[in-house]
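Reader: I've just opened this one and would like to know what the labels rest on. Could you walk me through them?

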Amino acid sequence: MNLDMYNSKRRQATTSSDPDVTFLPGFVSPPDTGVDISSTDYARRRRELMKMMSDLKSMGAEALIDLPSVVVIGGQSAGKSSLVEAVSGINVPRDSGTCTRCPMECTMSSHATSWSCTITLRMGFDSNGRDLQKTTTVPFGRTITDRNEVEVWLRRAQSAILNPNVPSSSFHTKTIEELRSTKNTLKFSRNVVCVSIEDPDATDLSFYDLPGLIQNEEAETVALVKSLAEHYTKKENTIILTTIPMSDDMENQQSMTLARAADPDGKRTIGVLTKPDTLGAGAINQRQRWVEIIEGRSEDHQLRHGFYCVRLPDDAERMQRLSRAESQRRAAEYFDTTSPWNTVADRCRFGIPGFVSDVSRLLIQLIEEVLPQLRENVDKLFAQCNEEFDAIPPPLAIDPQIEVFGRINAFCYVFKSFVDGSHEDRRLAQRNRALYSTFKRDICSTAPDFRPFEKPEDYIAMDDIEGKMSLTERDPGVKMMGIHDISKVIQEAIGWELPNNVPYQAKANLIGQFVKLWVAPSERCLAGISDVLDEVIDTLISVHFGRFKILEECVGTQVDIYKALAKEAVKTALDLEAAPYYTQTTFCLQKLQEQWLGYYKAARNQSHKFKVHKGSSEVVERRDSVHGRETLESKALKALAEAGYTNLRTSDLARLLPSDPYEKELIVMADVRAYYHVAYKRVIDHIPLTIERALHRALAEQLSRGLLVSLLTEVPSGSNFFEHMNELVSDDTPTDQKRASLSTRKQRLSDIRRRLMAFGNST
């Protein structure tokens with residue numbers, strides 16, 4: 001709201017005959033448009049605007065756009081209830097403590113020949129104060145034609161608001177005593193009791209009366225009331241009427257503090273001063289300060305639309321049930337005969353009639369000014385809502401059974417192409433191959449670390465019989481073992497063997513040490529493969545089942561089943577490598593045994609070449625030495641061949657070496673190292689193939705069947721089958737909720753837009 005654009009001018013009555021005398025810029029009165037407020041055209045226009053605002057509120061427009069409104073706030077004992085009664089001409093509930101516990105919207109129309117009142121409940125919020133998707137207006141009771149009945153009906157309506165789970169009609173016949181004893185579900189509510197008054201003597205006006213601001217209550221209650229007031233006053237198109245008792249300093253008024261926070265420049269706040277008759281005749285200075293405020297001459301209290309002063313009926317006069325005309329006559333007589341009020345030039349600043357007339361005119365002009373902006377805002381919201389709504393996939397229009405089977409078949413076909421590598425996206429095969437390479441490296445790192453010396457730590461690792469490779473990474477579970485370590489293993493395994501026979505169990509124990517290390521790399525490999533599979537599945541699900549969470553969950557269940565089967569298959573494959581330790585590649589095994597035995601013997605015979613050297617040159621030293629050894633061995637084999645000893649291999653030269661006291665230990669080392677090589681070659685292929693067969697291939701071949709069996713066996717036939725199929729292709733709950741919410745919002749905005757356009761076309 002921009003009330004600065006009113007271009008208001010002071011009433012003629014406030015101008016001074018002395019051109020040199022000017023008032024401090026404190027406030028402006030409502031615009032003098034030159035239109036008789038009671039004229040037929042103005043009255044018609046005003047009624048139409050008020051009716052349109054009422055219709056928009058019933059549609060829930062306040063939750064979407066900032067509608068022009070008037071709100072009355074004030075602390076307890078500030079005279080707010082008396083002000084509301086004086087303006088509306090009805091009696092509102094009064095009790096000790098906090099009585100009003102929900103907003104009341106009072107709409108007065110003079111377009112009637114007799115007085116009547118109707119009450120409705122506008123339900124736009126749930127029990128937690130959150131906006132409902134659709135605002136509903138609930139009629140409450142019959143049309144009231146006796147003013148004296150209004151108070152009890154207002155109490156009944158408020159009780160219905162505070163007990164939303166109880167049918168509102170059950171409160172229609174309750175007495176005041178029954179209502180007071182009712183234990184309400186809610187302490188306060190943002191839902192509104194709407195009071196529509198037809199009164200030929202009224203001025204057309206609509207305003208909200210909020211619960212009185214409190215301080216001496218529970219902190220939660222104080223915060224609830226304040227929050228409710230802030231919710232209304234923060235809106236830029238809201239005119240704030242704050243009631244201020246003249247019996248207290250304005251600085252002490254919580255309502256004024258709240259109004260300043262919402263409207264720091266005082267552009268849309270109007271002060272309503274109450275209880276002027278409580279100022280004694282001796283309070284001359286205090287009265288004079290109030291006069292300065294009313295006349296806009298107080299520098300500390302500046303409001304653009306100034307302050308009004310009203311005298312409201314006291315308790316004795318209320319008991320007399322004075323008519324509105326009599327109450328206003330007494331108030332006018334008081335202001336006209338009491339100093340210093342009778343010295344103020346602008347008489348419209350005193351009494352209810354001038355106050356109501358000015359506020360009504362301000363509200364009407366505000367509505368006129370913001371109408372174009374309201375239409376523009378609604379158009380923007382409507383376009384935005386349409387855009388969001390169109391972004392949500394529409395509900396299915398085909399047979400759900402066809403949809404289910406079609407999506408499953410398409411999903412399974414594409415997944416199979418990922419598995420066999422024929423799909424253009426080859427990340428499944430490529431990433432799996434990388435993981436299998438890592439698995440091979442991990443298995444390689446479990447090779448026995450045998451060093452055929454008494455002090456193995458003084459020698460380099462011997463990782464291949466060519467002497468050209470040294471493992472850069474070794475499994476932390478591999479223990480470096482020298483001659484004495486192997487002797488100990490043999491000694492611990494001896495049972496009833498004949499002398500000079502090495503127990504088979506000694507070799508089995510050493511083999512078992514590296515075989516058990518294969519479990520962790522295998523599990524890591526399977527976990528990595530599963531993660532890649534999940535990424536691929538998730539991508540395909542988003543394409544084929546993204547809308548349908550139930551189908552997505554079914555796929556996830558099938559994938560989990562085959563993951564479990566693959567895990568069991570890998571375990572079975574590893575169990576095959578456990579005892580008995582066996583191979584039929586005897587030729588390869590025997591050849592490796594001889595090579596390793598010769599390698600270990602040669603190393604012991606030339607141990608200085610395998611010594612650990614300080615610095616980075618040790619590996620080079622070792623390789624150069626070994627290379628030199630190989631060259632000499634080649635020469636030796638050539639010479640023996642010339643001497644007639646043909647078909648000899650390098651490993652055969654070890655037989656020419658003198659007997660080694662640790663011959664049996666070297667044989668154990670060679671046998672175990674040879675078996676490792678055979679088993680290693682086997683397992684680095686077997687585990688990947690097992691995973692591919694048990695997980696990817698099995699899933700690709702059986703997924704379609706598994707899904708269909710899973711879905712069809714739940715509801716085999718009959719009417720429930722169609723319902724089940726429909727459930728499978730129903731959108732997930734958040735999507736359904738969003739679609740329903742946007743649909744409701746779209747309809748609400750469409751209704752609001754239509755109402756605003758209808759008003760524009762009729763004017």
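Reader: Where does Arg321 lie?

Author: Arg321 is in the loop between α8 and α9. Those labels are DSSP runs numbered from the N terminus: H or I over at least four residues makes a helix, E over at least two makes a strand. This is a predicted model, where local features need pLDDT of at least 70, side-chain atom pairs count only at pLDDT 80 or more, and totals for chains, interfaces and linings use all residues. Residues are numbered from 1 along each chain as its sequence is written, and side-chain values use heavy atoms, leaving out hydrogens and water.

Reader: Why is Arg321 called exposed?

Author: The cut-offs are under 20% relative accessible area for buried, over 50% for exposed, and partly exposed in between (1.4 Å probe, protein chains only). Arg321 has 56%, so it is exposed. Lys275 comes out at 29%, so that one is partly exposed.

Reader: What makes the backbone of Arg321 and Lys275 worth a look?

Author: Neither is a glycine, yet phi is positive: about 50° for Arg321 and about 60° for Lys275. Most residues other than glycine have a negative phi. Lys275 sits in the loop between β8 (269–274) and α7 (284–294).

Reader: Why does Arg311 count as buried?

Author: Its relative accessibility is 15%, so it falls on the buried side of the cut-off. You'll find Arg311 in the loop between β9 (307–309) and α8 (315–319).

Reader: What makes the link between Arg311 and Asp277 a polar contact?

Author: The term covers a pair of N or O atoms within 3.5 Å; within protein, one must be able to donate a hydrogen and the other to accept it, and residues adjacent in sequence count only if both atoms are side-chain atoms. The side chains of Arg311 and Asp277 meet that with 3.4 Å. A plain contact asks just for heavy atoms within 4.5 Å. Leaving aside neighbours within four places in sequence, the contacts of Arg311 include Pro276, Ala331, Tyr334 and Phe335.

Reader: Which residues of α5 are buried, and why are they said to line one face?

Author: They are Thr221, Val222, Val225, Leu228, Ala229, Tyr232 and Thr233. Take the directions from the helix axis to the C-beta atoms to get the arc; the buried residues of α5 fall within 130°, so they line one face. An α-helix has 3.6 residues a turn, so residues three or four places apart point the same way. The buried residues of α5 pack against β1 (69–73), β5 (192–198), β6 (205–209), β7 (238–245) and α6 (254–262).

Reader: What makes one space a cavity and another a pocket?

Author: Both are found on a 1 Å grid over the protein atoms alone: in a cavity a 1.4 Å probe fits but cannot get out, while a pocket is an open set with protein on both sides within 12 Å along at least five of seven lines. Lining residues have an atom within 4 Å of a point. Points are joined across faces, edges and corners, and the volume is the space filled by probe spheres set on them.

Reader: Which residues lie nearest the centre of the largest pocket?

Author: Glu85, Asn91, Pro313, Leu322 and Ser327, out of 38 lining residues. The pocket has about 1100 Å³ of space. Helix α9 gives the largest share of the lining, 9 residues.
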